[in-house]
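Take a walk through this protein model, one step at a time. Keep the structure open and look for each part as it comes up.

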Amino acid sequence: MSQYPDASGAGSVTPNLDFAGTTPYEDYVQADVLTHLQHPLSDDPGEMVFLVTTQVMELWFTVIVHEWETASDALRRDDLPVARDALKRSVRELEALNASWRPLAQLTPVQFNSYRSALGEGSGFQSAMYRRMEFLLGEKSASMLVPHRGAPRVHAELEKALQQPSLYDEVLRLLARRGLPVPRSVLDRDLSQRYEPSPEVERVWASVYADDDQHAELVRLGEALTDVGELVWRWRNDHLVATRRAMGSKAGTGGSAGVAWLEKRAAKNVFPELWTARSHV
């Protein structure tokens with residue numbers, strides 16, 4: 001890495017500062033594009049942090065989807081090390097995503113209301129990349145494609161994701177290939193439907209954790225998934241708390257039920273049998 005010269009000029013290298021066009025950094029990062037995507041719709045100075053934070057969340061959604069798709073592909077190939085590495089990276093990315101709530105968590109109702117009207121019918125549940133995250137977690141719903149009918153490319157990507165196995169589906173298929181008794185009703189289910197907990201799958205996970213010598217590799221996979229599940233739960237709860245502080249129990253933008261809808265979401269765990277199986281080990 002190039003260094004700026006020190007005071008003496010000794011033992012240092014002067015970086016190249018003269019480029020014919022844009023800098024290589026700009027060509028790679030596209031910083032000029034990123035830093036000119038902010039177009040506040042109100043005169044309130046607080047809207048800028050709300051807008052930028054929301055855009056940063058979208059970027060984290062994008063990289064997390066990439067990690068979970070990488071993990072899914074690796075699981076199909078029975079490559080657990082690559083799958084675990086992707087899941088571990090996503091844990092750090094989820095931590096950064098969750099930290100995005102901090103700039104918004106202290107908004108008073110007056111502060112939020114000063115630019116809330118600028119959102120119009122805009123709402124986070126309309127985020128296509130967040131919807132892809134939810135689909136990868138097994139939270140499938142065809143109705144969530146409806147808001148995107150006016151954007152053919154986005155709609156097609158979501159429709160494809162709706163029909164594909166979730167990350168957890170790929171995990172359960174791997175367990176079945178390892179000889180564990182995952183029921184056919186789970187393996188052959190309609191992938192476009194929300195995943196529902198299975199007592200048989202709960203027993204499979206309980207047997208894996210009960211014999212962690214024989215199933216050490218699967219236990220490590222289960223723990224990586226549990227780390228992901230915990231941080232998804234924390235994301236939902238942080239969203240709930242930030243919304244409750246900013247707007248109380250009022251209806252959300254875009255016609256959502258606001259806090260009531262978020263409370264329902266926050267009560268659910270992803271990869272459910274990984275949590276309930278622990279009571280039987």
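Start with the largest nonpolar core of this predicted model. This core has 59 residues. Which of them have the most contacts inside the core? They are Trp68, Leu87, Leu172, Trp205 and Phe271.

Now see where the core residues come from. Helices H3 (47-76), H4 (80-99), H5 (109-116) and H6 (128-136) each supply at least two. So do H8 (167-177), H9 (184-187), H10 (199-210) and H11, each with at least two residues of this core. Helix H11 gives the most, with 12 residues.

Next, look at a pair of helices. Two packed helices are described by the angle between their axes and the distance between the axes. How do H6 and H7 compare on these terms? Helix H7 covers residues 152-163. The axes of H6 and H7 come within 10 Å and cross at roughly 5°. Angles under 35 degrees count as roughly parallel, so H6 is roughly parallel to H7.

Which residues meet between H6 and H7? From H6 come Ala128, Arg131, Arg132 and Phe135. From H7 come Val154, Glu157, Leu158, Ala161 and Leu162. By class, this contact has six nonpolar residues, three charged residues and no polar ones.

Now turn to His239. UniProt lists this residue under "binding site", in an unreviewed entry. His239 is found in helix H11, which runs over residues 216-247. Not counting residues up to four places away in sequence, His239 touches Trp101 and Leu262.

Finish with Asp73, which lies in helix H3. Asp73 has a relative accessibility of 34%, so it counts as partly exposed. Compare its position with that of Arg245. Asp73 and Arg245 are 172 residues apart in sequence. In space, they are 40 Å apart, C-alpha to C-alpha.

Notes:
Residues numbered from 1 in each chain as written. Predicted model: local features only at pLDDT ≥ 70, side-chain atom pairs only at ≥ 80, totals over all residues. Heavy atoms only, no water. UniProt positions renumbered as here; feature names shortened; annotations may be inferred. Helix = DSSP H or I, 4+ residues; strand = E, 2+ residues; numbered from the N terminus. Contact = heavy atoms within 4.5 Å. Core = buried A, V, L, I, M, F, W, Y, C linked by side-chain atoms within 4.5 Å. Buried < 20%, exposed > 50% of the residue type's maximum accessible area, 1.4 Å probe, protein only. Axes fitted to C-alpha atoms, helices over the stretch in contact; angles between N-to-C directions. Parallel < 35°, antiparallel > 145°, perpendicular 65-115°, else oblique. Nonpolar A, V, L, I, M, F, W, Y, C, P; charged D, E, K, R; others polar.
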